[in-house]
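Colleague: I would like to learn how to read contacts, helices and charged pairs in a model such as this one. Could we go through them one at a time?

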Amino acid sequence: MDYILLIIGLALITFCADLLTRGCVGMAARFRVPEFIIGLTVMAVGTSMPELTVSMMSALKGSSSMAIGNVTGSNIFNTLVILGICAMIKPVIISKENVRRDIPICIGVSLLLWIATADRLFGISDVDTINRVEGIILLMLYVATIIYSIRSSKGAEDKGTSEPQMGWVKIFGFIIIGLAGLIFGGNLCLDSATAIARAWGVSESIIAITIVAAGTSLPELASSLSAIISKKPSLALGNILGSNIANILLILGASASIKPLTMGDITQLDLGMVVGSAILLMLSALVMGKRRITRFEGVLFFAAYVAYVVVLMK
């Protein structure tokens, strides 16, 4: 039954991802704002709802390592797997604004996560935690980041979209149904995949970083692939960067504000992969691909994730 539910969940999020993408593109046309900003905000927060649900429930139930593992694993999966697959289908163009503003923010936020959880390294405490004060600071930084991104996007080259305008009822209908279906389908996949993993005897920490993280990232995967197929690469990139930022600042911020989070079995390797994957994206933009993620680089991204999982399993 778990395998059947997994297939149903995958089918549901694939269908609803297309609805969400069409709704977001319609909203971009209506408001005449860059598609990237819609991906960074509406689409990113919407597709991060499974992570938010899992992390907050984990925090309330005292499973802090599940909450942090879910976020760290999701960010690694988003960058290396989702962007890797998207690039293998079609090279992902990275704009000057992405290099100047968005990717550095993602790197900075990733470093902030490492600093916030390095209490023992800095001699602050005997246990690595994200306390309530740090959680509130993360939430405030998320609001500031979104405001800055929207304001700094004014006058950008990608000024809105040329798509024919869609009716408001249709726009909100697509977005609401798409988000609801993604969340339900993501949870369905998550529950069934977790049950399958436990039946295989995989540990809880590895489940959090791999199976749970991949499961909660399925909406990002489906919506980003839909955006790439629809020839909206900026929407896909905005979705991934926005989700990574939201995962750390919004989701961990909200979870830690409710109840302080402890690292548990999450290691420096895991946090290093979060920072490293963001830096790899910047290197791809500046050095290897001339402001684009090529198909070859997409393969390298995916291979890096596989190597990481192999190390975890040892």
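Modeller: Let us begin with contact, which means heavy atoms within 4.5 Å. Bear in mind that this is a predicted model. By that criterion Asn131 touches Ala256 and Pro260, leaving aside residues up to four places away in sequence.

Colleague: Where is Asn131 found, and is Asn131 buried or partly exposed?

Modeller: Asn131 is found in the loop between strand 2 (129–130) and helix 6. Buried means under 20% relative accessible area and exposed means over 50%, so Asn131, at 31%, is partly exposed.

Colleague: Which residues make the contact between helix 6 and helix 10, and at what angle do their axes cross?

Modeller: The axes of helix 6 (residues 132–152) and helix 10 come within 7 Å and cross at roughly 145°, and the crossing is left-handed. Among the residues making this contact are Arg132, Gly135 and Tyr142 of helix 6, and Ala246, Gly253 and Ala256 of helix 10.

Colleague: Where does helix 10 bend, and how many of its residues are buried?

Modeller: Helix 10 bends by about 40° at Ala246, and 21 of its 26 residues are buried. From its first C-alpha to its last, helix 10 (residues 233–258) reaches 36 Å, close to the 38 Å expected.

Colleague: How many salt bridges does the structure hold?

Modeller: In general, side chains of opposite charge can pair when their charged atoms come close. This structure holds 1 salt bridge, in which the side chains of Arg101 and Asp102 meet at 2.7 Å, N to O, and both Arg101 and Asp102 are buried.

How values were computed
Residues are numbered from 1 along each chain as its sequence is written. This is a predicted model: local features need pLDDT of at least 70, side-chain atom pairs count only at pLDDT 80 or more; totals for chains, interfaces and linings use all residues. Side-chain values use heavy atoms; hydrogens and water are left out. Helices (H or I, at least four residues) and strands (E, at least two) are DSSP runs, numbered from the N terminus. The expected span of a helix is 1.5 Å times one less than its number of residues. The bend at a residue is the angle between axes fitted to the seven residues ending there and the seven starting there. Buried means under 20% relative accessible area, exposed over 50%, partly exposed in between (1.4 Å probe, protein chains only). A salt bridge is a side-chain nitrogen of Lys or Arg within 4 Å of a carboxyl oxygen of Asp or Glu. Axes are lines fitted to C-alpha atoms, for helices over the stretch in contact, and angles run from 0 to 180 degrees between N-to-C directions. A crossing is left-handed if the near helix is turned anticlockwise from the far one by less than a right angle, and right-handed if clockwise.
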